[in-house]
Amino acid sequence: MKYFKYFGITLVVILLDQAVKMLVHNGMDFGTAGQIKVFGDWFKLHYTTNPGMAFGMQLGSEYGKLILTSFRLIAMFGIGYYLYALIQKKAHPGYIFCISMILGGAIGNLIDSVFYGVWLGNAPFDAPSPWFHGQVVDMFYIDIWEGFVPEWVPLLGGSYTALWPIFNIADASIFVGVAIILLYQKRFFDEAKHTEEEDDIQKQFIDEKNN
């Protein structure tokens with residue numbers, strides 16, 4: 001039951017993320033033509049795809065996408081095992097909750113990368129295979145500023161872009177999970193340390209009593 005509680009959070013994130021992506025794909029026109037204003041001009045629904053990492057960055061190689069997707073797959077298993085270990089160790093519930101959200105977000109985007117090239121046919125035209133070359137579906141657009149970025153700006157220079165990237169529920173889940181950990185790290189890790197110390201003292205007391 002204790003495992004289902006936290007892995008259930010991961011499952012909810014995955015299902016919600018994929019449901020929204022399917023609704024966007026099947027119910028919206030791609031790009032500016034299908035853009036829907038939610039709150040004025042600053043928050044919109046905008047169907048777009050991301051072939052690479054955050055901010056649309058890509059690995060400059062024919063096999064860059066395959067490498068990225070493989071890395072995401074390895075990361076998913078790593079985070080999943082870490083979550084399992086945290087639950088076993090009875091870490092701070094808030095910290096476990098955050099890791100559950102991060103895992104859900106990671107799997108959500110991994111599904112896009114592995115399968116969407118086949119399911120949705122959105123792999124780049126020059127991809128060696130649709131498998132593992134799917135593009136991530138994004139839709140939430142906070143329009144703070146958009147325009148041409150000067151050439152001297154690292155990574156993004158020389159391109160027309162938005163100040164805030166278009167993102168999805170998986171991205172938001174990862175961002176919120178990491179943000180909460182950073183904000184409450186002292187509480188999460190101090191309490192975990194105290195719990196371990198208490199367990200050590202209790203174990204030592206039991207050993208001395210048995211001897």
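From the N terminus on, the elements of the protein follow the order α-β-β-α-α-β-β-β-α. The model is predicted. In total, the protein has four helices and five strands. Of its 211 residues, 37% are buried.

Helix packing was examined for H1 and H3. Two packed helices are described by the angle between their axes and the distance between the axes. Helix H1 spans residues 2-27, and helix H3 spans residues 93-119. The two pack at an angle of about 40°. Their axes lie 8 Å apart. The crossing of H1 past H3 is right-handed. The contact of H1 with H3 comprises 14 nonpolar residues, alongside seven polar and three charged ones.

A nonpolar patch was found on the surface. Its members are Ile-36, Val-38, Phe-39 and Trp-42. Together they have about 400 Å² of accessible area. Ile-36 belongs to strand S1, which covers residues 36-39. The relative accessible area of Ile-36 is 40%, so this residue counts as partly exposed. Patch residues need over 30% relative accessible area, and Ile-36, at 40%, therefore passes that cut-off.

A further site lies towards helix H4. Pro-165 sits in the loop between strand S5 (160-162) and helix H4 (169-210). With a relative accessible area of 28%, Pro-165 is partly exposed. Ile-144 is 21 residues from Pro-165 along the chain. The C-alpha atoms of Pro-165 and Ile-144 are separated by 9.7 Å.

Key
Residues are numbered from 1 along each chain as its sequence is written. This is a predicted model: local features need pLDDT of at least 70, side-chain atom pairs count only at pLDDT 80 or more; totals for chains, interfaces and linings use all residues. Side-chain values use heavy atoms; hydrogens and water are left out. Axes are lines fitted to C-alpha atoms, for helices over the stretch in contact, and angles run from 0 to 180 degrees between N-to-C directions. A crossing is left-handed if the near helix is turned anticlockwise from the far one by less than a right angle, and right-handed if clockwise. Ala, Val, Leu, Ile, Met, Phe, Trp, Tyr, Cys and Pro count as nonpolar, Asp, Glu, Lys and Arg as charged, and the others, Gly among them, as polar. Patches are made of residues with over 30% relative accessible area and no salt bridge: like charges are joined within 9 Å, nonpolar side chains (Val, Leu, Ile, Met, Phe, Trp, Tyr) within 5 Å. Accessible areas come from the Shrake-Rupley method with a 1.4 Å probe; for residues, only the protein chains shown count as cover. A salt bridge is a side-chain nitrogen of Lys or Arg within 4 Å of a carboxyl oxygen of Asp or Glu. Buried means under 20% relative accessible area, exposed over 50%, partly exposed in between (1.4 Å probe, protein chains only).
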